[in-house]
Amino acid sequence: MKTDTAPQSLKARRTAVGGKRDPKTAWIMLAPIVALLILLIAYPFGLSFYLSVTDRQIGMPGKFIGLENFLDNWADDVFRQTFFNSVLYTVVTVILKAALGLPLALALYHVRRGQAPLRAVALLPWVVPTSLSAIAWWWIFSPAFGPLNWLLTASGLLAGGIPWLSEPMWARIAVMLINIWRGIPFFAISFLAGLVAIPRDMYEAAAIDGAGGWRAFWRITLPLLRPVLLIVLLYSTVMTISDFEIIFIVTRGGPMNSTHLFGTLAFQVGLAGSQIGRAAAIGLFIFPVLAVSAGFMLRDILRREDVL
Amino acid sequence: MRTTRRQFLKTAGTIGAGALLGGRAVRAATTPSIVLMAEDHFAPAHNEELKKQVAAWAQMRKVEARVDFIASRQASARLAAIVESRTGPDVTYLWRFDPGLYRAHLVQVDDVAKDLETKYGPWTDVGQYLCRLEGHWHAIPFYHLTYPGNIILSHWEKVGIKLDDFKTMTWQKFLEAAKELKKAGTPVAFAVGQDFDSSEVLYPLLYSYGGRVANEQGKIVLDSAEARAALNYLLQLFPEMPREVLGWGGADNNAALLARKIAWTANPATIYAVAKMQNNPVADSIYHVPIPSGPKGRFRGTFAISLGVWKFSPHADLAKDLVRYVMQEENYAKLVAASYGSNEPYLKKHAENPYWQQVPNLRLMEPAVEKVLPDGWPAPPGPATALSITQFVLPVAFAKAASGRLSVDAAIKDAVEGFQKIYEKTPLR
Amino acid sequence: MSSDSSRGVGTRVWVPYLVIAAYLVVGLFPFFVMGITAVKPNAELYSGTTPPLMVRRLTMEHYRFLFEQTDFLRWFWNSTLVAALSTSVSVVISSMAAYALARVRFRGSTPMGIAIFLTYLVPPTLLFIPLVDVVARLRLADSIWSLVLTYPTFLVPFSTWMLTGYFKTIPRELEECAMVDGASRFRVLLQIILPLAVPGLVTATLFSFTLSWGEMIYAVSFISATPLKTLPIGVATSLVRGDVYFWGPLMAGALLASVPIVLVYSFLTEYFVSGLTAGATKG
């Protein structure tokens, strides 16, 4: 029985399929998605570009000012701080989510009994609306009333509580912790899916050759997880750098702008401060990240050819 | 979901789906319908009272009317949508500098303002500053929440200070008391950093030392000896406060006061009001006192709410009338009562309401002995000032100095730069 | 045992359970806190003397407040409606698109796939400001239709990509037979592919439902009339008024807002995993 799991070139596969080219049906089927993407993604995206080169304010017509918004942003301390925050936040959390998600995936893979409920429960942090779990976390990190500091001091681990939300370093750690808490299940479940797809006989064959345990892990598991890893890394990078709720609810960008991300700063400038031209310019700084990540992914995907 | 009739939009070149599904009701020329968008008040009784008044007005005028409530956090997004689309409620709450931001879209209400002034006495400085723009009223000041000191009286009495001592309290005396209070384990505390709770203390502090951020022409004048004096004072006060105030948001001081962990914070009377609402015995211990005076004056910060009628409304005159109605003395007084006294007025006659004098905890709050003014005064109340407030330029710079990250001079310079960038690039009016 | 070494890691049965337990302690801690706060009376919550994790007297007052003094049930309904509608819309759109990309030969197939994949990467934070404009001009502000319209923008790309992978695992012979018999592509999709792709569809549905349910930035920007809000927004904004946080009802609401999703997931996790499997690991 012919399956599509063996790598083949795109073109070869196309010609191998029975059936003629059918662009009409294809485009009819694609029409809704194309409409959606053009009108609700491409158009606002374009509008974003347009706004960013004007001095538009809410309710007022704007005039073209070229790259002034971008230059002003770059000259602005708060913006530069935000840029730094966003990069730090994204790099640290994505790496940790991947690193911590894998052991959980392996553990979930290996349990014998209670698989389904355990997997469901493990997913909880990701499944719960962030706007609500963030509020719970804010309470947890509260220096005076939060359970976390209480636990740390009551158990004798620390003399005083940790200044979670009042010191830039700790505030960053706090919001990163929340992001990682939320993201691990997603990485874990994706890795799990990847693990489940690895055929058992590969491990058995390796065992016969005398390679068990760690070597099998390095030589078989990790390489075969690579496609999953890349997809999830990419998605997570994009979603993390544009994170909003956690910061908005827990720190509002502070203390002293140390946890502002592009999204929260854009909201502050554009909606609270009504300068939507500048806000659009802030948001667009996410775009280079997107482009670079997409570039990496595409290079890898096109090599693999049949993921798309 | 709206139960109003939908109209099929024929909008060429726009989304088919949206065109079929979207729609704002367009009523045939029958009964006019007015919508008031109000903030969801923390006291449900206030929401109810407002709904009642709007309904009563509607019946009187034989029209339809309703109130839509929104959360304060969403106000900016909602107003942005309203202004951009030129559709929405006929009359809405406006917060802080919104009248200045959206002046071009608001109906001039000079007639209503003059009527109310004739009946109820002069408007306060705050009201005029925010709503009377270039000589014309673009919004009617509705109520504001000032930021007096909220104290746990018993903590102060332990260090020898009585309630009435606050009438003549200066920042210096305050500092001495703060030291004692810290020793007693019940310090003073207010947010220092990225929150409005912080700016509503730091701006009055600055003003009381004679400092200003920008003058009436919008020129940045923060670089002054007076401003440095104010910041130096903060540097003396800061060590007497818990360090966590650097990360405090709007509700942290509320929680700390309710738990009696602190002796003083600056806040609207909401802490007391909610405690009363929830039958929390702490309420009886909370008193409201004037902000201490500085060498160059005595000021109190405020969070101002006004009512604006939008130009796109087909019933602007009716909307103006609704505004007049809720501003009537009896109606206004009912709202004050429903808010447990936290709604504070802008008109002399409204301020003569005995409500505050009759509640011991509120006796020193209204009428205010300080000059009550919003952050940003006296700069032109427009986009530049608004943005500088939402960016927390001043509180963040002061926080950097207080936490030791910047010297006083560097912090002032940092703030000046931040303000200048904003005032250069953002329209003044 | 050969099966142990064949899995490459761990030879003791209890190790995985221990690892999972460690993750669950951290993972479930916030829910524990929510649960405690939701049944702790105001007097204890605000007193500062009761330790944060203890309750002296249980109370239902917060749940009562939630149901009687807020529009909680309406928000629940709104969220369900919005999630159901946007999920349906996006599953329909992505199934069609995925099938076209996976099976139909036509010029532009690869660029189209790439384009869809790229839009997968455009986050709502980038779009919400211009979308406030678009939604307002379409007069959809303060209407759940604004969400039903905009949510598919972040639901469809992932679902399409995932379903494309999934559809490719379905043997072609079935379709070929049907088409030889004269069936159109649409019929093939409806009657052959979709029934076989149930795990993939379930995954796409769950993923979409989850994202819709928890979405915040669009919901905050487009809807502000209290009865129209979606659940997370209603809870987060109506129980936080100015500087007043109604902690008890807030946490109660947070817990209740998570329940439906968790129930759905616990029943359907197997599908979710297997759906992701096929979609994620082509190659």
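Residues are numbered from 1 along each chain as its sequence is written, chains are lettered from A, and ligands are numbered from 1, in the order in which they are written. In this predicted model, local features need pLDDT of at least 70 and side-chain atom pairs count only at pLDDT 80 or more, while totals for chains, interfaces and linings use all residues.

Chain B contains 19 helices and twelve strands. Helices (H or I, at least four residues) and strands (E, at least two) are DSSP runs, numbered from the N terminus. The C-alpha atoms of chain B fill a box of roughly 70 × 50 × 45 Å along the principal axes. Of the 429 residues in chain B, 58% are buried. A residue is buried if 20 or more other C-beta atoms lie within 10 Å of its own, exposed if 12 or fewer, and partly exposed in between; C-beta atoms are placed from the backbone. Two residues are in contact if their C-beta atoms, placed from the backbone, lie within 7 Å.

Five strands of chain B form an open sheet with mixed pairing, in the order β2-β1-β3-β11-β6. Two strands pair if DSSP finds at least two bridges between them. The edge strands, β2 (64-70) and β6 (140-146) of chain B, each pair on one side only. From one strand to the next, the twist averages 20°. Axes are lines fitted to C-alpha atoms, for helices over the stretch in contact, and angles run from 0 to 180 degrees between N-to-C directions.

Strand β1 (residues 33-39) of chain B runs parallel to β2(B), and seven bridges join them. Here B:Val35 stands opposite B:Arg66. Strand β11(B) runs antiparallel to β3(B), with five bridges. It is also antiparallel to β6(B), with six bridges. B:Ser306 in β11(B) is the bridge partner of B:Leu94 and of B:Pro141.

Eight of the eight residues of β11(B) are buried. On one side these are B:Thr302, B:Ala304, B:Ser306 and B:Gly308. On the other they are B:Phe303, B:Ile305, B:Leu307 and B:Val309. Helix α13 (residues 316-326) of chain B lies across β1, β2, β3 (91-95), β6 and β11 (302-309) of chain B, and runs at about 145° to β11(B).

Chain C touches both other chains discussed here. Its contact with chain B takes 34 residues from chain C and 40 residues from chain B. Helix α7(C) provides the largest share of the chain C side, five residues. By class, that side has 18 nonpolar, eleven polar and five charged residues. Ala, Val, Leu, Ile, Met, Phe, Trp, Tyr, Cys and Pro count as nonpolar, Asp, Glu, Lys and Arg as charged, and the others, Gly among them, as polar.

Between chains A and C, 104 residues of chain A are in contact with 93 residues of chain C. Helix α2 (residues 23-52) of chain A gives the most to the chain A side, with 16 residues. This side has 72 nonpolar, 20 polar and twelve charged residues.
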